[in-house]
Amino acid sequence: MWVHEEMVNGEKLTEIINRDHENVKYLPGIELPYNLHAMPDAREVVKDAAILVFVLPHQFLPALLNTIKNEVLPDAVAVSLVKGYLEIDRQDGTLRTGAQLISSELNITCAVLNGANVASDVAEGHFAEATLGCSNETQSLTLWNLLNSENFSVRTTKDVLGVELCGGFKNVVALAAGFSDGLGFPPNTKAAILRRGLQEISNLIQELFPTSAPETLLESCGLADLLTTCYSGRNRRCAQAFAEDVTRSWEDIEAKELSGQKLQGPSTCIDVQSIIDKRGLRKKFPLFTAIYRAVIKEITPDEVFKCIGIGTS
Ligand SMILES: NC(=O)C1=CN([C@@H]2O[C@H](COP(=O)(O)OP(=O)(O)OC[C@H]3O[C@@H](n4cnc5c(N)ncnc54)[C@H](O)[C@@H]3O)[C@@H](O)[C@H]2O)C=CC1
Ligand SMILES: O=C(CO)COP(=O)(O)O
């Protein structure tokens, strides 16, 4: 497994993982499998690999692909767990997702695995579900056999883009859920955010990819991931801290709340809004637009709830 090398208490993280079988920085308290070997050179890791699993914050994906692109086996298969990578063409507003980037940079097919999967809960072995989006039936079966287990129930679909976009867009809605918590609003308000969020996620996916299957939204990557992120995710937690003190910057909140982990929601929110604006769709997406305006401090978090009030569906 490739691990981005860094020093933790004066030691290399890869050496700590290989000696203690624990990722003391990002997954403390979880015993890792003894056959897992952490390596700092991504090129070494991919050169004999038949299946490549990508799990890293979306902003680091392009640099990693650039590092490995000449080393990957031509018949390798990729699966991406990355949520929120959106590359927008500034000219025509077309979109490229993380899985599409992996596929085009490495010239191999890329499936997507997304779901209601808070990492520490999955690592502790609590039952969870996930959705595997894969367009090729043989590869889908291979990946399903690898990923599915008694405590990790994987359901498959061919709607790769639907699965991937649900995973990214819910991080934006989770910010409004955090605003609601930070402002001390009751469960009714958060439920309204979840309903409107699900509706806007669905509308935006249909706007961008009309062939996407509407039922994908009811899979783990859709409704279930939205729920878990809006109740227990890092985006929700950081947005709560922001609503409690709007003078803080997102960078400061990320650094203080997440101890080295990355906050995806604000940057994905800005990318989502550039798609909405490019297509002149603010009226159709009042919640996404209001969240964006709060993220960039154009309005306050409590004004988000006024913006989506009277006169919107
Ligand atoms: N943590 C969670 O509960 C879940 C995360 N995801 C998704 O998985 C992806 C990865 O998220 P996390 O593992 O939580 O990451 P994270 O938010 O914990 O960020 C830390 C990770 O970033 C890596 N990193 C730091 N600097 C780097 C660099 N310069 N280049 C490359 N990697 C670097 C670190 O090695 C570490 O693995 C994201 O897209 C996230 O949305 C999906 C489901 C659950
Ligand atoms: O995607 C997640 C759970 O499925 C985690 O969401 P956060 O990044 O908000 O913690």
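In the predicted model, Leu132 has Thr156 of strand β9 as its bridge partner. The pairing to which these residues belong joins strand β8 (residues 128-133) and β9 (residues 152-157), which run in the parallel sense and share 6 bridges. Together with helix α6 (residues 137-147), β8 and β9 form a β-α-β unit that is right-handed.

Helix α7 (residues 160-182) packs against helix α10 (residues 234-244) at an angle of about 45°, and the two axes are 7 Å apart. This angle makes α7 oblique to α10. The crossing of α7 past α10 is right-handed. On the α7 side, the contact is made by Asn171, Ala174, Leu175, Ala177, Gly178, Phe179, Asp181 and Gly182. The residues contributed by α10 are Asn235, Arg236, Arg237, Cys238, Ala239, Gln240, Ala241, Phe242, Ala243 and Glu244. Of the residues in the contact of α7 with α10, 9 are nonpolar, 5 polar and 4 charged.

A further packing partner of α7 is helix α9 (residues 220-232), with an angle of about 30° and axes 9 Å apart. Angles under 35 degrees count as roughly parallel, and α7 and α9 are therefore roughly parallel to each other. α7 passes α9 in a crossing that is right-handed. In this contact, Val163, Cys166, Gly167, Lys170, Asn171, Val173, Ala174 and Ala177 of α7 meet Cys221, Gly222, Asp225, Leu226, Thr229 and Cys230 of α9. The contact of α7 with α9 comprises 8 nonpolar, 4 polar and 2 charged residues. Asn171, Ala174 and Ala177 of α7 take part in the contact with α10 and also in that with α9.

Definitions and conventions. Residues numbered from 1 in each chain as written. Chains lettered and ligands numbered in written order. Predicted model: local features only at pLDDT ≥ 70, side-chain atom pairs only at ≥ 80, totals over all residues. Axes fitted to C-alpha atoms, helices over the stretch in contact; angles between N-to-C directions. Helix = DSSP H or I, 4+ residues; strand = E, 2+ residues; numbered from the N terminus. Parallel < 35°, antiparallel > 145°, perpendicular 65-115°, else oblique. Left-handed = near helix turned anticlockwise from the far one by under 90°. Contact = placed C-beta atoms within 7 Å. Nonpolar A, V, L, I, M, F, W, Y, C, P; charged D, E, K, R; others polar. Pairing = 2+ DSSP bridges. Right-handed = clockwise from strand over helix to strand, strands pointing away.
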